[in-house]
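Which residues surround them, and what kinds of residues are they?

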Amino acid sequence: MQRKSSRILVVGGYGAVGATVVRALDGWFPGRVVVAGRDEARARGLGGVRADVSDPDAFRRTLAELGDVAAVVLCVEPPDTRVARVCLERGVHLVDIGATGRLLDGVADLHDLAAGSGATAVLSVGVAPGLTNLLARRAHEAVGGAERIDLTVLLGAGERHGADAVRWTVEGLAEPPPGAALRTTLPGHGMRTAHPFPFSDQHTLPATLGVERVTTRLCLDSRPLTAALFGLRAAARRPAVRRTLTAAFSRVHLGGDGFAVRADARRGDLHAACAVTGREQSRVTALVASYVTRELLTGSAPPGVHHIEQLPSLAGLPETLTAHGLSVWQHADTPRP
């Protein structure tokens, strides 16, 4: 049982996602949230501490100096899994909004360490991965066990994203597409063409749900921008082009801030679809992380490392987020005679 005074360390707590996490958690746990980040001046200006996820030894010292940290929320992506190990070996809960498959796999390998120390780590936290995982599980169960799941993500091209998110998107564009484009209807956005994109959910869901085929596809709210973006896929394999695209996406914001996520599950003639729509993907990512953290501190999540869809207590999170402007849509087909 964590002491009531135990603190919550939000790493990257002054960034696009982290600032919202700090505000939400401070509303539930006043006086317990500590802002942390590599920029010492910004962190200390908010009453926080310096914490560099690329320096696990220094991170260990930070936890030791604070002494009573109950949970760490990673709103920046570390280069490896050493910071996760530092947290879990101390029995500190971990919430990770990272979206890189190899890092998520590496943290998942720390399950026994976490279970032994009594800590819980939750991965795939955010919109994609995150809400995509929860909707995938919902659709999967609606058909009694899917043979195939297709996930579609529409993001608003006008939203201002953090540097890590922009860099991650451009790097993903350079990877070979894992499948073919697909046309699908997204509530509030109509029929869209979405292109395969290396979101981590399609790599982790086959193991957590036991589904053979999972593909995640991406489009933007602007159809011309979607066509232009994926038309540059081959060119984006060159580092110079990726640098140019990263700079352009950081400066230019054409489009809105709405997003949509849809999950389609199929088993034989059975089909089920679930979707959510909302605004400001970064804000909703932060809200997902905040609610997950609250669950770890107030609920009874089992020790170990889990993806978000593996915790039944978080299954209703999409409905919880309707209080923050999210809309939930579900549909199930009857089998053909």
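Here is a quick briefing on the cavities and their linings.

This is a predicted model, where local features need pLDDT of at least 70, side-chain atom pairs count only at pLDDT 80 or more, and totals for chains, interfaces and linings use all residues. Residues are numbered from 1 along each chain as its sequence is written, and side-chain values use heavy atoms, with hydrogens and water left out.

**What counts**
- A cavity is a set of points, on a 1 Å grid over the protein atoms alone, where a 1.4 Å probe fits but cannot get out; its lining residues have an atom within 4 Å of a point.
- Points are joined across faces, edges and corners, and the volume is the space filled by probe spheres set on them.
- That rule gives two cavities of 30 Å³ or more.

**The largest cavity**
- Its volume is about 70 Å³.
- Lining it are 14 residues, and P78, D80, D96, L103 and V107 are the closest to its centre.
- Two elements, α4 (82-89) and α5 (101-108), each give two or more residues to this lining; helices are DSSP runs of H or I with at least four residues, strands are runs of E with at least two, and both are numbered from the N terminus.
- The largest share, three residues, is from α5.

**The second largest cavity**
- This one has a volume of about 40 Å³.
- Its lining is made up of G278, R279, R283, V284, L287, L321, H324, G325 and L326.
- Here β12 (270-279) and α12 (281-298) give two or more residues, with the largest share, three residues, coming from α12.

How values were computed
1 Å grid on protein atoms, 1.4 Å probe; cavity = no way out; pocket = protein on both sides within 12 Å on 5 of 7 lines; lining within 4 Å.
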